[in-house]
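User: I'm new to this one and would like a friendly tour. Could you show me what we're looking at first?

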Amino acid sequence: MGCGTSSATKDKKSEKALKAALVIQNWYRGYRARLKTRQRYALTIFQSIEYADEQGQLQLSNFFSFMLENYTRVQEKEPGLITRLFGSSIQDKDRQDYLGLLEVPDSYCGPRLQFPLTFTDIDLLIEAFKQQQILHAYYVLEVLFETKRVLQQMPNFTHTRTSPSKEITICGDLHGKLDDLFLIFYKNGLPSVSNPYVFNGDFVDRGKNSMEILMILFVSFLVYPNDLHLNRGNHEDFMMNMRYGFTKEILHKYKLHGKKILQILEEVYTWLPIGTIIDNEVLVIHGGISESTDLNLLHRLERNKMRSVLMPPIPMDGDCAEKKNKLGTTIVAQGIRTSGSFSEQLTKQEWEQVVDILWSDPRGKRGCYPNTNRGGGCYFGPDVTAKILNKYQLKMLVRSHECKPDGYEICHDGKVITVFSASNYYEEGSNRGAYIRMSSGTTPRFFQYQITRATCFRPLYQRVNAIESSAIRMLKERMISRKTDLTRAFQLQDRNKSGKLSMGQWAFSMENVLGLNLPWRSLSSHLVTTDEDGNIDYMSGFQDVHIQKPVKEVQSTLIETVYRYRSDLQIIFNIIDSDHSGLISMEEFRSMWKLFKSHYSVHIDDSQFDELAERMDLNKDGSIDFNEFLKAFYVVHKFDKLNKSDNKLA
């Protein structure tokens, strides 16, 4: 009897323990699911803002076309301004013109490359960069010139073959994240004849080590030109670099010779191949395709004519492809040339083909339609993928261009693979990086990783809080840059002048003005305060942030406008500033603002901007340090509600 009672008691305890374990397990699964939902929302914010910025960047091409259409009026007021804006920085100088007066001093402690380059130089460079050493400008220019020479001999699409004993590794965007490249080489081995690689564009921008990545890839390419393949991405574009950091990085690291590096780098970009074809079966390109993608045309076009996606070939007067000013200078849509013609640029059809390759994204919806998020390329559905692959007897498309939480994604019935190799792209912990290994007749294998530093020992909820906090801060900055427009939209909905809107009205106004395609209802608790009836105090979204005014007397509308367009203005001013001094004249400053204001329909009185410009000319010498001018406009966060642990996205 005693034994039976004891056994029954144990069974009841075991049953209770099992039920408790199941309750805890279910709670934890729900808890992790909620955290993952918050993380997913945060990534959506990052991506929406990133794509909106790219859309603004591509819209600059319309502004440059507008500049060409109005060049006569500007040329009369500011001789030379248009020439500097549209003139190519590439000049017919050979290697000696750049390197003739450059010497590597005995005091230089960094890596010394020996030409012709060998595997030893790859190893030397990697070890030096691990020690944060800077490669001397002489070697940088040597590598760039040599890379350009070899690239010029290559076709638009490089063809390579694999075998079961010789797999190829495909890497996606690196975006200046050197630690990711180090980790790939540590896990997968350095490039060699027996260990070939494809690096699928976007080596540079955003991260702080774009130059180091570029040098490692170019040196490896020069050592193994048949086994390391470099595809052009949408960020291998000198005008994209002006906005997203690489130009600034070069001028910071190479203060004396940065201009020379930028000039030859602009040329090197244009010679990068458009794509790689593996085993005549797998097409590797950076962005994607469209329903009109013509691989035959892409194989034969002169790719070096594609200077920048922001300089499309647009005939000036109907069928007329070019204009001449009073001085006889030929003006074409991709630049002013003292001698030259429309033949120096791609045709409109060729240009569009390359843009589609560099900028397009796959979607689940059938068909091909404009990529409204990015502003360039298209969205292509599974039917378009099947059509293009079948047309050219291909089996698979491997592309990059989009950050994925797991570093890769498979879609379109397994025919399209996205691979993204920059881990922690938006914020530490935001995403994994990945690379692919494949060979003929085998299934692709995916390898994931994530560089971890300070956050690696934090619990998941702390990591998610950090990502979420950063995303909301970015969104708040977006909101404050459109405060006037948002306030006007809110007030149109607020017919009773109560200062409050329903959730639906507020969400509609937010999307209508910002156009970010975000789940505003779910995000509302982070952005505004809500009363007991569920109505939103719409002005509460601006209480904890403001744009710092460099001059107190200037109206808020002008401050918001300059802050909102600061990246576009910086690119335009950088192009005018041909000697990279950081200074432009007051008259150039005013002329460019007037054209910009006219094209973007900015309704601000010129006198306000003139007053602001005068006050920012601190030493009254008639010149403005435009970088300092634009830095003066920044968002101040008074307090951050996101640190409160009870504030959730989901």
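Analyst: First, a term: buried means under 20% relative accessible area, exposed over 50%, and partly exposed in between, with a 1.4 Å probe and protein chains only. Helices (H or I, at least four residues) and strands (E, at least two) are DSSP runs, numbered from the N terminus. This is a predicted model, where local features need pLDDT of at least 70, side-chain atom pairs count only at pLDDT 80 or more, and totals for chains, interfaces and linings use all residues. Residues are numbered from 1 along each chain as its sequence is written, and side-chain values use heavy atoms, with hydrogens and water left out.

User: How many residues of strand E16 are buried?

Analyst: Strand E16 covers residues 433-438. On one side sit Gly 433, Tyr 435 and Arg 437, and on the other Ala 434, Ile 436 and Met 438, with both faces covered. So by the under 20% cut-off, the buried count in E16 is six of its six residues.

User: Which residue is the bridge partner of Tyr 435 in E17?

Analyst: Strands pair if DSSP finds at least two bridges between them. E16 and E17 (residues 445-449) are joined by five bridges and run antiparallel. Their hairpin has six residues between the strands, with Gly 441 taking a positive phi near 80°. In E17, the partner of Tyr 435 is Phe 447.

User: And which residue of E16 stands opposite Ile 168?

Analyst: Strand E2 (residues 168-171) is joined to E16 by four bridges, and the two run antiparallel. Ile 170 has Ile 436 as its bridge partner in E16. Opposite Ile 168 stands Met 438.

User: What are the edge strands of the open sheet?

Analyst: The open sheet has five strands in the order E4-E3-E2-E16-E17, with mixed pairing.

User: At what angle do the axes of helices H15 and H18 cross?

Analyst: Axes are lines fitted to C-alpha atoms, for helices over the stretch in contact, and angles run from 0 to 180 degrees between N-to-C directions. H15 (residues 460-481) and H18 (residues 520-527) have axes that come within 11 Å. Angles under 35 degrees count as roughly parallel, over 145 as roughly antiparallel, 65 to 115 as roughly perpendicular and the rest as oblique. H15 is therefore roughly perpendicular to H18, with a crossing at roughly 90°.

User: Which residues have the most contacts inside the largest nonpolar core?

Analyst: A nonpolar core is a set of buried Ala, Val, Leu, Ile, Met, Phe, Trp, Tyr and Cys residues joined through side-chain atoms within 4.5 Å. The largest has 66 residues, and those with the most contacts inside it are Phe 63, Phe 64 and Phe 573.

User: Where is Gln 570 found, and how far apart in space are Gln 570 and Leu 630?

Analyst: Gln 570 is found in helix H20 (residues 566-576), and Gln 570 is partly exposed, with a relative accessible area of 27%. Contact means heavy atoms within 4.5 Å; leaving aside neighbours within four places in sequence, Gln 570 is in contact with Phe 626, Asn 627 and Leu 630. Gln 570 and Leu 630 are 60 residues apart in sequence, while their C-alpha to C-alpha separation in space is 7.5 Å.
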